[in-house]
Amino acid sequence: MNKNNIDDMFKQKYEKYSKLLFRIAFLHLGNTYDAEDALQNVFMKLLYNSPRFSDEEHEKAWLIRVTQNHCKNVLKSSARKTSCELKDDLAEDKQSDLQRAIDISQKIKSLPANYKTAIYLHYYEDMTTEQISKTLKISQSAVKMRLKRGRELLKNELEEYRYE
């Protein structure tokens, strides 16, 4: 395969998976800088150390696992503080909505890693329990249990929004 074909193939894969992988990394790491760094590392692994994929689902599952594992390693190596940026020129009601979204995102980020990943893949990426099971290489019942326990934890954490 010549260099142009490899470049084109890499660009296609980047366009296809970068947003998904960035969101997963951001969910785990909590800031744009670290998420972009993780994305770069994951795509380096794809380019230089990836296995042969049997199909696109296998490739996607591998990328998600590599992203999740990279984020775990980053978090193990040093404690990171999460910061959220708000634009000053947002209207008051939009700030409130944005603050609520950030708060919910923070609550999801504070979940244990297993629950966080299952919740994200199910609710943000619209993956079925079967797809999550294949991606994470766990049983469907384990996925269902992680979703159930993650929702229970979030329900308790988000009680303040119940009556708004």
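Because the model is predicted, local features are reported at pLDDT of at least 70 and side-chain atom pairs at pLDDT 80 or more, whereas totals for chains, interfaces and linings use all residues. Residues are numbered from 1 along each chain as its sequence is written, and side-chain values use heavy atoms, with hydrogens and water left out.

**The whole chain.** Begin with a cartoon of the protein chain, which has 7 helices and 0 strands; helices (H or I, at least four residues) and strands (E, at least two) are DSSP runs, numbered from the N terminus. Of its 164 residues, 35% count as buried, where buried means under 20% relative accessible area, exposed over 50%, and partly exposed in between (1.4 Å probe, protein chains only).

**The largest pocket.** A pocket here is an open set of points on a 1 Å grid over the protein atoms alone, reached by a 1.4 Å probe, with protein on both sides within 12 Å along at least five of seven lines, and lining residues have an atom within 4 Å of a point; the volume is the space filled by probe spheres set on the points, which are joined across faces, edges and corners. Helices H1 and H2 each supply at least two residues of this lining.

Glu59 counts as buried because its relative accessible area is 5%, while Lys13, at 22%, is partly exposed.

**The nonpolar patch.** Next select Ile6, Met44, Leu47 and Tyr48, which form a nonpolar surface patch with about 390 Å² of accessible area together. Patch members have over 30% relative accessible area and no salt bridge, with nonpolar side chains (Val, Leu, Ile, Met, Phe, Trp, Tyr) joined within 5 Å and like charges within 9 Å. Helix H2 (residues 32–49) gives the largest share, 3 residues, and Ile6 is found in helix H1 (residues 3–29).

**The second largest pocket.** Move to the pocket of about 210 Å³, whose lining includes Phe22, Arg23, Tyr124 and Glu125. H1, helix H4 (92–109) and helix H5 (113–124) each give two or more residues to this lining, and the largest share, 4 residues, comes from H1. Glu125 forms a salt bridge with Arg23, the closest N and O atoms being 2.7 Å apart; the partners are 102 residues apart, Glu125 in the loop between H5 and H6 and Arg23 in helix H1. Glu125 is buried, with a relative accessible area of 18%, whereas Arg23 is partly exposed at 37%.

**Two loop residues.** Select Asp126, which has a positive phi of about 55° although it is not a glycine, and which sits in the loop between H5 and helix H6 (129–136). Then select Lys137, whose phi is near 55° and also positive in a residue other than glycine, in the loop between H6 and helix H7 (140–157).

**Last stop.** Finish in helix H7 with Lys148 and Glu152, 4 residues apart, about one turn of the helix, whose side chains meet in a salt bridge (2.8 Å, N to O).

Definitions and conventions:
Accessible areas come from the Shrake-Rupley method with a 1.4 Å probe; for residues, only the protein chains shown count as cover. A salt bridge is a side-chain nitrogen of Lys or Arg within 4 Å of a carboxyl oxygen of Asp or Glu.
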